[in-house]
Each structure stands twice: as C-alpha cells, then as structure tokens.
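Here is a note for a colleague who wants to go through this model point by point. Please keep the structure open while reading.

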Amino acid sequence: MMPTSSGAVPPLTSSIPMLESESSLRHRLNSDSQLPQETQEGVSDLGTLDSGKTPGSRTTTEEVQEERARRLRDTLGLLPREGRAKVRDEAAEAFRVIFETFLETFEDGDGARVYVEQARRVRADEGGVLSVDFAHVMRFDERAAQALLENYLRLDAYLSHAAQRVVQRASADQSAPIKVSVALFGLPAVHRVRELRADKIGTLACIGGTVTRTTEVRPELVAGIFRCGECGTESGSVAQQFRYTEPAVCENGVCQNRTAWTLDVGRSEFADWQRVRVQENAAEIPAGSMPRTLDVIVRGDAVERVKPGDRARFTGALVALPEAGGVVGAGAFGQRSGSAQAPHELAYRLAFLACHASAEGANEEGGGEEDRDAFLAGLTREEREELAAMAAGGGAVYAQLVASVAPTVFGHEELKRGVLLQLLGGVHKRTREGMRLRGDINVCIVGDPSTSKSQLLKYVAGFLPRAVFTSGKASSAAGLTASVVRDDETGEFTIEAGALMLADHGVCCIDEFDKMDLKDQVAIHEAMEQQTISIAKAGIHATLNARTAILAAANPVGGRYDRRLTLRQNVAMSPPIMSRFDLFFVVLDDANDTTDYNTARHIVAVHQLRDNAVAPPFSPATLRRYIRYARTICPVLAEDAARLLWESYRNLRQDDVGAGKNAYRITVRQLESLIRLSEALARAHCAEVVTTRHVREAVRLLRRSIVHVEMDDVDVYEDDEEEVVAAEASAEISSIEPSSTEPRKVSVRREDFDRVRSMLVLRLSESADAEGVRHADLVDWYLAQREEAMQTEDDFVNEQRLVKTVLKYLVSVEGCLIALRNTEPGENSDEPMQITDDDEPRGPMLMLHPNFAIES
C-alpha cells in the first residue's frame, strides 16, 4: 500500500473497483521502492539485485560470504531479501487497469481517440507528459473518478505506470520503455488558498491564486543509486520525496552498514524542479485579513509554465511537510535530514505538489501576440457567431462597447472611451535594431472629489484577468517596480515582483497618483515608456519586463479643479511623468439641474434594483471575449491616414506655440499617442487598416483630454464710454450719480482673454518708461501685433473692442493694472478730481501693479 507524504497509509476506499486477487504474491525487489511491480502482460520484470553477474563468475570468497549471510539469517530467523513478499495494493492495481482502458478506448465527440494520438506524440518526443482532462474520466467512469479524487497520492504511481504502458503500445517501436507522467486538469471546483485544510491532504485538488515569486529551475533527485562506503555494494533505486533519503541498511548481509553511503550521480535519476509561491487573489481576501501564501512544487514539464504576476491554477495534491525540515532545495542530496524531533515539536506546514500548471487568461493581454485561429478554435459555435455579428456592426459597435464599460457609473462618456481604448491597446512593434515601441496606452484621470474616479479603477482591476490595483500614497518605489529579498530557506537573493511586474500584459491601476513621493514617481519613468525595470542590487543585475498600461487617478492640488489655472498647475506631477500619459481626462463636478437629477435617479436605482438597474448592450463576459479577439488584430496605417497624422501633429504644435504658455506641451510622444489611439480605434471596429475616420477620433480625444480644458468665459460689463474708467476711491464712487441705463454684459472667451492678457502684461513689463504706457499707445501696439490675423475692417473693429474690454477688466476687476491720471482737487473737497493733463484724450497712463507676480 502506498504511503502518503505524511507517512500514514490511507485506508482502502470502497469506491475503488476490486479485481480478483491472484493466488501468489509478487516478490519485492526493494523495500523502499514505491513503484508497482509489472503484471504478467508481456512486460519484463525490473530485474534482481545481482543482475549483471553470471553464475560462472562467482569466486570462492563470494560463496563464503553468501554462506555466512545464510547462517546469520537462519540464526535471526529472517527470510532472504529476494524471498520477502511484497504486499500488493489490489485496489490500486484494479484502478490502473481501468485507467489504462480509459486511455486506449476514450473517444471525443468526433470519434477520435485523443489519448492514443497524444501517446503517439509523446512517444515521438521520447518522453513527456500525458495531459488528461478530468471531465473525460468522469464521463468514462464516475466511480473511478471519485476514487481518483480521494486517493490521488496513493494512485499517482499507478497512473504513470498505465500511461507508460499505453505509450509503449502506441508505437510500433518496442524499444526500451520511456518515462511518462500524467497531468490532470479540468477539475470542476477550484479551491482558494484560504480554504485548504488537513482533510484535503493526499486528495486531488485544484487551487487558484496569483504567482508572486518563482525560483530558478534546478535538478531534483528523484531516484538515487547508492554505493556502500564499507563494502562497495550498490543498492537498488531509492525513491526520494521532499528530503534526501538513503538506504536503511546495506544489502550485503555481512556488511550491515547504515550510515556510510555515496551517491552514484551518473546512474541516479534527476528531474526539473521549481518552487512557486502563490498568493490568494486580491478579490478573495476577507476584509481586515492579510493575504495568505502557499508554496507550490512543480516538476518536469510543468516548470516555467507560470511567471510572477500570473493568475494561475494548479492541479495536484496537498501534502504536509515538517516545519523544521521544510522543502529541501532541489539538488541538496548531499545533506542529511535533521535529527528526530520531540513529539511536541512535530509541527507541519502545508505545501502543494502540482502535476499541472496553467495561467488564467494566458496571452489575453498579449498585444496581438495570440494567434487568431487558435483563439477562435477554443470558442463554441454560438460564441463565434456572436463575435461575427459584433464585428459586422460597423460604427455602431463602438458606441455599444463604450456603453458596456462600467455601466453602473453614470455619464463620463469621453472617459469611458479612453478606458475602452486602453483595454484594446495599440500594436506592439520591434525595429530591426531591437528597439521596442510600446503599444500600451496610459491614461490619467484628474478631477474633483466624488466623480467616480476610484470606481472606474476598481472596475478595470476586476474586469481584466491580469490587473493590479494599488494606491500611490501607500506604495513605495520597490513595491511598484521590484525588490530584491533573501529567500528564507536557501538564503539566496531573489527578485520579488512589484505591482508593475505583476500587471505584465495587463493594466496597473494606481489611485491617489498625486500623493506619491517624487522619488517614487521617478522610479516608474522607465516602466512607463521603455516598459522595463532595471535592477542592480545585491549582486543581481537584471532587466525585467513591465509591459503594462497604467490607469492613474489624481486629485487637483487645491482639492477641486481651478479653471483659472492650467492643467500642469492643477496637478502635482512632474513634466516627464505627464508627458508619458497618452490621455488626460479632466472630470469636473459642476452644478447642473438636469445632470444632477439624472445622476441621482441612476444612483438610487442602483441601490434599489442593483443589477437590474442597468442593462448594458454587452455582458462583461462578451465584452471581455470581444476585446480578446480584437487584440489579435494588428492594423496598419493607410497612406491618407498617415498624411492626416502628420498634419494633425503639425497643427497641435502650432497651437501650442501660438498660445504661449499652454496647459500641456506637445511633443513627439503625443504623436505616438495618436498612432496608438488610432490603432486601438481600428481594433474596436475589427478593421485591418487604420483609416482617416480613426485618426480624426483620436485627434479629437487628444485635444479634449490634453490640450483643451473647458474654462469659464470672462464676463465684462461694458458702458457707452470708449475710454477706460480709472479705479477711484470708494468715497468718490459713491458720490457719482447712478446711470439711467444699466451696463451691457459682454462675454469674452477664455482663450482670447488669456491671449490678450498675456500680450499686454508682457508689453508693460518690458516697458522702459517707469511711468507706464498710455492707454491709446497700448491699444495701437496690440493692433500692430495682430495685423496679420486681421483680414477685414470688421476684424479690426472686433480686435480693437476686445483689447479695450480686456483692459477695462484688468483695471477695474482684476486689479493687476493701475490707471494713473494727473488731477487736482476742486474748490469743494466733496467734488471729484478734475482732469488737467493735456494728453488725457489719449487715455490714462497704465502700469503693472507693484504686487503683481509675472508667471514664468
């Protein structure tokens, strides 16, 4: 009977089918071997201990030693080693026959014997893994499948033995048998790390979690051949499990050696070994609890199947290991296990021995790396028809996709468009020189409190199979990129993946981005543009991949967005970080009767009806499937689309220079952003070619999110007088009789106001005259500067009216300009001052206020 990892022998399970027992028991070759003996079905026995010796080669000394050993056994009442009977596990043997029949006879829906074909491929590869779907075993024999679930560790060796026999018979080449292992997958239930208990030890189970750390692949001793240090006798194959195990006693009856052994490395059997640390998914952690981790051991072909950041599933058995010894590192066969522990110190810890490992959503965010035919082959006919109908929807599918993004968040259509394009992404490219051009789109949301910024980030983190949510204030530079830590068991330095590495080929959602320290923002410069992380610590020099898109949310500097300031002045970010974001969305909380009413209705309906309150065009599963299909498309730029990109970039640069001090600086990175956005829009329409329609939409989004931030128009009250009224004392103002006609309200666009204001302030600051500039001279100077922009007489009148209106606002309302008049008091002190300057008809002298600070 097969022992478990904890040393206990499980009882026979009644659910295992029993075969008729044979009249004679098979003889045991090695007391420590766990492999089943060959049955009488045409396969030769494993051999005896003295194989290789011919009867004619025996010497007198060997005969004397054999006689002494026989007398010693007779004295102690022991049977010779080759005569000791081995207890045969009849139930396990019966299961082997059933499983072997299953592999040879099972047919899929098309009538093909899938496992026979797979066995031929394994035979052609001279070894490997036979992958078996557990659902097929359930369909073939439910009783046998239940027995496999309950007694996996006990039946593991018999599974491999049955697969080895099937692979041997699947080929006409009947050469030496090859080693084959069985990897089971497709279990109906997936357990969380927190749910694993002692009752799961030894049973077949599937666990899911996030991979946080992996070790390098090392050789592990599977079966060792030892040579006695006293007499030189070779022992049989000694199976190794979790710790270095030597033979109990020398097979030479006279020697009786128990301690001095030498491993024959050349004849021993080794296998690839890797330890993976799995942490429970963020959505599965209860409130107020720390995330739990579990060590998973993978061997053979299962190594290097997952990497840090993957949400993976592992199929295998839970095992119990002594806390003191732990999982001895692979290849540590030269060390003996620790001394025996006292009973009260026998604390065990859990580990998972996996036979199959797979990453959830592998290549889903691979940026077109996934093969389209392979993806479609994994879908059902209904799913393929649904995708074809969505792709044939034309321009309407784009609006439907936007409406399906975060349906519980009311409004924010432009913001949802940006998030959708980020999920679709651009095309990753690599030049001949090896330079990599990123296709991921970075998006930053800046806005007032309570505008659903964090809700959108939470939605994206839960929507994608590979996404990480973190907070900027609670994250350090090492936590975002990567850190070098010392392994607890081996003492070696290893790399611990950070948030950006964990989100490789996914999205990293960073909330409170403006609260990050400056040094932490600098740490992600490389990851945002080159999409790599360079490490040079503790003797480790490595460049790690961080091919992730960043979705960040930030609050304005003053808590609420100030329309009078530029975007850069509203956000506490450095210019290099801002230039790495492809899209900036400014979300404002403005009071509007219609918007407030509709928002309140939506929120109340969500609380009242929950899922029934929203009816998006596509379900999350359908949207996820469509995005995955769209990412397999790699659109190319058409000639007219490329020409429009050149012109759009030139216009953006000219507008940036013409506006003087703009909210955002247009660089070549914005041109690359336009290309990525255009490719993402082509993917949204399942188009193979980027057209001008896609480029125009990309330019519109870029202008709205980065360049154009809506600001309030400036309201100026204009009277009938053409000259600017100087600011006077309050006593004097109160003495003036109110006019019979109310001043007329004039609205000046914020862009025009800022342009005129900047030009006038610059002229006054550069004036050599300390007394200022006359009002009429300042107006004439402005009109001369705008001469090229005026084509008609109406343009001249409009510009003249504009500059006079702005001057009046700067003097009477804003107060940054001072109007100086030469006056003398009248006979009555209560009368207003009288103008006496001869040049007064040309207006007062204008100068900057002494306390006015000119922005750099």
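1. Overall make-up. This is a predicted model, and the protein in it has 26 helices and 31 strands. Of its 856 residues, 43% are buried. Among the contacts with a separation of 6 or more, 74% are accounted for by residues 24 or more positions apart.

2. A salt bridge within one helix. The count of salt bridges comes to 34, and one of them joins the side chains of Arg 96 and Glu 100, with an N to O distance of 2.8 Å. Both residues belong to helix α2 (residues 90–105), where they are 4 residues apart and hence separated by about one helical turn. In general, an α-helix has 3.6 residues a turn, so residues three or four places apart point the same way. Arg 96 counts as buried because its relative accessibility is 1%, and Glu 100, at 6%, counts as buried too. The pair also belongs to a network of salt bridges that links Glu 93, Arg 96, Glu 100, Glu 104, Arg 165 and Arg 169.

3. A salt bridge between a strand and a helix. The side chains of Lys 429 and Glu 679 meet in a salt bridge with an N to O distance of 2.9 Å. Because Lys 429 lies in strand β12 (residues 429–430) and Glu 679 in helix α21 (residues 668–684), this pair ties together parts that are 250 residues apart in sequence. How accessible are the partners? Lys 429 counts as partly exposed, at 34% relative accessibility, whereas Glu 679 is buried, with a relative accessible area of 2%.

4. A salt bridge between two loops. Asp 582 and Arg 438 form a further salt bridge through their side chains, at 3.3 Å from N to O. This pair links distant parts of the chain, 144 residues apart, since Asp 582 sits in the loop between α17 (575–579) and β22 (583–587), and Arg 438 in the loop between β13 (436–437) and β14 (443–447). Asp 582 is buried, with a relative accessible area of 1%, and Arg 438 is buried as well, with 7%.

5. Nonpolar cores. The largest nonpolar core has 63 residues, and those with the most contacts inside it are Tyr 398, Leu 401, Leu 420, Leu 421, Leu 424, Val 460 and Leu 551. A second, separate core has 43 residues, including Phe 99, Val 166, Ala 170 and Cys 206. To return to Leu 421, and leaving out residues up to four places away in sequence, this residue touches Tyr 398, Ile 441, Leu 677, Ala 680, Leu 681 and Leu 701.

6. The pair α8 and α19. How do these two helices cross? The axes of helix α8 (residues 381–391) and helix α19 (residues 620–630) come within 11 Å and cross at roughly 70°, and the two helices are therefore roughly perpendicular to each other. On the α8 side the residues that meet α19 are Glu 383, Glu 386, Leu 387, Met 390 and Ala 391, and on the α19 side they are Thr 622, Arg 625, Tyr 626 and Tyr 629. By class, this contact has 5 nonpolar, 1 polar and 3 charged residues.

7. The buried residues of α19 are Thr 622, Leu 623, Arg 625, Tyr 626, Ile 627, Tyr 629 and Ala 630. What covers them includes α7 (372–377), α8, α9 (396–404), α10 (413–424), α11 (453–463) and α21. Pro 617 is found in the loop between α18 (593–609) and α19 and counts as partly exposed, at 44% relative accessibility. Leaving aside neighbours within four places in sequence, Pro 617 is in contact with Gln 400, Ala 403 and Ser 404. The C-alpha atoms of Pro 617 and Ala 399 are separated by 9.6 Å, although these residues are 218 residues apart along the chain.

8. Which backbone angle calls for a look at Ser 450? Ser 450 has a positive phi of about 60° although it is not a glycine. This serine lies in the loop between β14 and α11 and, at 68% relative accessibility, counts as exposed. Cys 686, likewise not a glycine, has a positive phi of about 55°. Cys 686 has its place in the loop between α21 and β24 (689–690), and at 17% relative accessibility this cysteine counts as buried.

How values were computed
Residues numbered from 1 in each chain as written. Predicted model: local features only at pLDDT ≥ 70, side-chain atom pairs only at ≥ 80, totals over all residues. Heavy atoms only, no water. Salt bridge = Lys/Arg side-chain N within 4 Å of Asp/Glu carboxyl O. Buried < 20%, exposed > 50% of the residue type's maximum accessible area, 1.4 Å probe, protein only. Core = buried A, V, L, I, M, F, W, Y, C linked by side-chain atoms within 4.5 Å. Contact = heavy atoms within 4.5 Å. Axes fitted to C-alpha atoms, helices over the stretch in contact; angles between N-to-C directions. Parallel < 35°, antiparallel > 145°, perpendicular 65-115°, else oblique. Nonpolar A, V, L, I, M, F, W, Y, C, P; charged D, E, K, R; others polar.
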